[in-house]
Amino acid sequence: PAEKVLADFSKHSGDKMMYMPIIDFRKEGASQLFQDYLKTMPAMAYEVVWDDWTPEVEQCMQTILKNNAKIWTNSMWGSLCGGDLYDDLALTDPDKIYGKHISLGATLIQTDRPETLLNYLRTQKLHR
């Protein structure tokens, strides 16, 4: 919970610690957890995990972007990104997979296929 993280942070002096919440829509209460973070300690980035694309997932991502924060997605396994946006499928169609992550607003993509992702980003002029 956001309150626990905030309490733990208060034990440390200064503002040198950063926290990136994982908003896991596979678990009950993800939308409320996200709202709690927005109110208590807005983050620079949020990892969003989902198994089904729902209006709540979409709203969360849109709100992250409206708050000038970054979206982190994880393409390592289908269970982390809607079931069909994972790395193994990017081997044959990187635009369908990584392009979708980018179109959702992700600027941070965790991958087991860094070479495939980097090559794709270069073809899209999104990485040098």
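Predicted model: local features only at pLDDT ≥ 70, side-chain atom pairs only at ≥ 80, totals over all residues.

Me: Is Leu-89 buried, exposed or partly exposed?

Reply: Buried means under 20% relative accessible area, exposed over 50%, and partly exposed in between (1.4 Å probe, protein chains only). Leu-89 has 33% relative accessibility, so it counts as partly exposed.

Me: And which residues is Leu-89 in contact with, leaving aside its neighbours within four places in sequence?

Reply: Contact means heavy atoms within 4.5 Å. With those neighbours set aside, Leu-89 is in contact with Asp-84 and Ile-97. As for Ile-64, which is 25 residues from Leu-89 along the chain, the two C-alpha atoms are separated by 27 Å.

Me: Let's zoom out. How many helices and strands does the protein chain have?

Reply: There are six helices and four strands. Going along the sequence, you'd read the pattern α-β-α-β-α-β-α-α-β-α. The C-alpha trace spans about 45 × 30 × 25 Å along its principal axes. Of the chain's 128 residues, 38% count as buried. Now take the contacts between residues at least 6 apart in sequence: 58% of them join residues at least 24 apart.

Me: Which residues of the largest nonpolar core touch the most other members?

Reply: First the idea: a nonpolar core is a set of buried Ala, Val, Leu, Ile, Met, Phe, Trp, Tyr and Cys residues joined through side-chain atoms within 4.5 Å. Here the largest one has 31 residues, and Ile-23, Phe-25, Tyr-46, Val-48, Trp-50 and Ile-64 touch the most other members. Several elements supply at least two residues each to this core, including helix H1 (2-10), strand E2 (45-49) and helix H3 (55-66). To see one member's surroundings, click on Trp-50: among the residues it touches, not counting those up to four places away in sequence, are Phe-25, Met-61, Cys-81 and Leu-104.

Me: How do I read charged pairs, and how many salt bridges are there?

Reply: Side chains of opposite charge can pair when their charged atoms come close. The rule for a salt bridge is a side-chain nitrogen of Lys or Arg within 4 Å of a carboxyl oxygen of Asp or Glu. That gives two salt bridges here. One of them joins the side chains of Asp-24 and Arg-26 (2.9 Å, N to O). Asp-24 is buried at 9% relative accessible area, whereas Arg-26 is partly exposed at 38%.

Me: What does Arg-113 pair with?

Reply: Its side chain meets that of Asp-88 in a salt bridge (2.6 Å, N to O). This pair links distant parts of the chain, 25 residues apart, with Arg-113 in the loop between E4 and H6 and Asp-88 in helix H4 (residues 87-90). Both are partly exposed: Arg-113 has a relative accessible area of 29%, and Asp-88 comes to 43%. Not counting residues up to four places away in sequence, Arg-113 touches Asp-87, Asp-88, Leu-91 and Tyr-98.

Me: Why are there zero disulfides?

Reply: A disulfide is a pair of cysteine sulfur atoms within 2.5 Å. The structure holds zero of them. For Cys-60 the closest cysteine sulfur is in Cys-81, and the sulfurs are 15 Å apart, so they are too far for a bond. Cys-60 is buried at 3% relative accessible area, and Cys-81 is buried at 0%.

Me: Last one: at what angle do the axes of H5 and H6 cross?

Reply: Axes are lines fitted to C-alpha atoms, for helices over the stretch in contact, and angles run from 0 to 180 degrees between N-to-C directions. The axes of H5 and H6 come within 10 Å and cross at roughly 75 degrees. Angles under 35 degrees count as roughly parallel, over 145 as roughly antiparallel, 65 to 115 as roughly perpendicular and the rest as oblique. H5 and H6 are therefore roughly perpendicular to each other. Where they meet, you'll find residues including Tyr-98 and Ile-102 in H5, and Leu-117 and Tyr-120 in H6.

Methods. Residues numbered from 1 in each chain as written. Heavy atoms only, no water.
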